[in-house]
Amino acid sequence: MQDLATKFANLTIQSDFIFKKVMSRKRICKHLLEELLQIEIADINYIEAEKTLEPEYTNRGIRLDIIVADDKNTHYNLEMQVKNNKNPDTDTYVLPKRSRYYQALLDIDLLQKGQPYDLLPPTFIIFICVFDFFEQDNYVYTFKKCCLENRELELPDEATTMILNTKGTHGAISKDIKSFYDYVNNHIVTTDFTKQIDDEISYLKLDTKVRREFMLMEARLLDERREGEAVGIAKGKEIGLVEGEAKEKLATAKRLFSMGLSVQDIAKATSLPIEQVEALQAEQACR
């Protein structure tokens, strides 16, 4: 518990837990969107507010996204991305397909059964990355669908994906967005906006309810990791036993061949398939 208390005290805006708490403050989230998109927003509402404003992190399968809608019904999904993860099986980065999946989830939630597709509102999927995924040094990478035969022809599906690069050096961003990047990277307060964020984090860390919520979440995640490790160890042992048994049967079959037993008798004695025993017989004959 002491380790968790220390971990909680050292949390920054890069922490998924703290980021979602901070962005659940309307004035901060609204201002971030206004400065990023250079628009005026009259108001924002949180979608599934009971899950974003007062999340129960101890529940499995909970949605942790910050999803808000503005006064014009444009929907925004904000996510903090600290690691540029790869799929170890395919050795490919997961961020592009992650953005596609998030867009699909958002659209499914926004369109009720039986409603026409044209009722889908404009959407922005926004990933705040502490790494430069495209390695072009841009502050922001904005994506919309365009025609390959005519790059100026855009598909008007009103779906936008923005990859923010807090390590960027190129492009036009507002003073508050630059200060937000600096705060994310180095915990530096340079504007009133980042002071608001820093004050909010300090307040959150003094809230015993928030502290207890974090510890419960971490304890639950630790239990799930341990359960996963236990299952993995059990499966590993099971596979090892099966492989060991198979090797032992093959060794027995080889000994029985040297004793002159028939394929049928060896298959019966070892419970190996006839085909496998015949293959072993052919292998022995070649030696």
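Predicted model: local features only at pLDDT ≥ 70, side-chain atom pairs only at ≥ 80, totals over all residues.
Buried means under 20% relative accessible area.

View 1. The chain has 287 residues, and 37% of them count as buried. Its accessible surface comes to about 17700 Å². Carbon and sulfur atoms hold 53% of that surface. Among contacts with a separation of 6 or more, 58% join residues 24 or more positions apart.

**View 2. Tyr139 and Tyr181 form a tilted aromatic pair.** Tyr181 has a relative accessible area of 1%, so this residue is buried. Tyr139 is at 11% relative accessibility and therefore also counts as buried. The ring centres of Tyr139 and Tyr181 lie 6.1 Å apart. Their planes stand at 50 degrees, which means the pair is tilted. Tyr139 sits in the loop between β6 (123-129) and β7 (140-143). Tyr181 belongs to helix α6 (residues 175-186). The pair links distant parts of the chain, 42 residues apart.

**View 3. Helix α2 is largely enclosed by the rest of the structure.** This helix spans residues 16-23. Seven of its eight residues are buried, which is why α2 is described as largely enclosed. The buried residues are Phe17, Ile18, Phe19, Lys20, Lys21, Val22 and Met23. Two lysines, Lys20 and Lys21, are on that list.

**View 4. Phe17 of helix α2 pairs with Phe214 of helix α8.** The structure holds 10 aromatic pairs. In the pair of Phe17 and Phe214, the ring centres are 5.3 Å apart. The planes meet at 65 degrees, so the pair is edge-to-face. Helix α8 covers residues 208-258. Phe17 and Phe214 lie in separate helices, so their pair ties together parts that are 197 residues apart in sequence. Both Phe17 and Phe214 are buried.

**View 5. Five aromatic residues form one cluster.** The members are Tyr93, Phe133, Phe134, Tyr141 and Phe143. Two are tyrosines, Tyr93 and Tyr141.

**View 6. Helix α3 packs against helix α7.** Helix α3 runs over residues 26-37, and helix α7 over residues 192-206. The two pack at an angle of about 145 degrees, and their axes are 11 Å apart. Their crossing is left-handed. On the α3 side, Arg27, Ile28, His31 and Leu32 take part in the contact. On the α7 side, the partners are Phe193, Gln196, Ile197 and Glu200. The residues of this contact divide into four nonpolar, two polar and two charged.

**View 7. Leu110 lies in helix α5.** The helix covers residues 95-110. Leu110 has a relative accessible area of 19%, so this residue is buried, the cut-off being under 20%. Not counting residues up to four places away in sequence, Leu110 touches His75, Gln115, Leu120, Pro121 and Thr123. One of these, His75, is 35 residues away along the chain. The C-alpha atoms of Leu110 and His75 are separated by 9.0 Å.

**View 8. Val263 lies in helix α9.** This helix spans residues 263-270. Val263 is at 9% relative accessibility and so counts as buried. Leaving aside neighbours within four places in sequence, Val263 contacts Phe257, Ile274, Val277, Glu278 and Gln281. Val263 and Val277 are 14 residues apart along the chain. Their C-alpha atoms are separated by 6.3 Å.

Terms used. Residues numbered from 1 in each chain as written. Heavy atoms only, no water. Axes fitted to C-alpha atoms, helices over the stretch in contact; angles between N-to-C directions. Helix = DSSP H or I, 4+ residues; strand = E, 2+ residues; numbered from the N terminus. Left-handed = near helix turned anticlockwise from the far one by under 90°. Contact = heavy atoms within 4.5 Å. Nonpolar A, V, L, I, M, F, W, Y, C, P; charged D, E, K, R; others polar. Buried < 20%, exposed > 50% of the residue type's maximum accessible area, 1.4 Å probe, protein only. Areas by Shrake-Rupley, 256 points an atom, 1.4 Å probe, with all protein chains shown as cover. Phe/Tyr/Trp six-rings, centres within 6.5 Å; stacked < 30°, edge-to-face > 60°.
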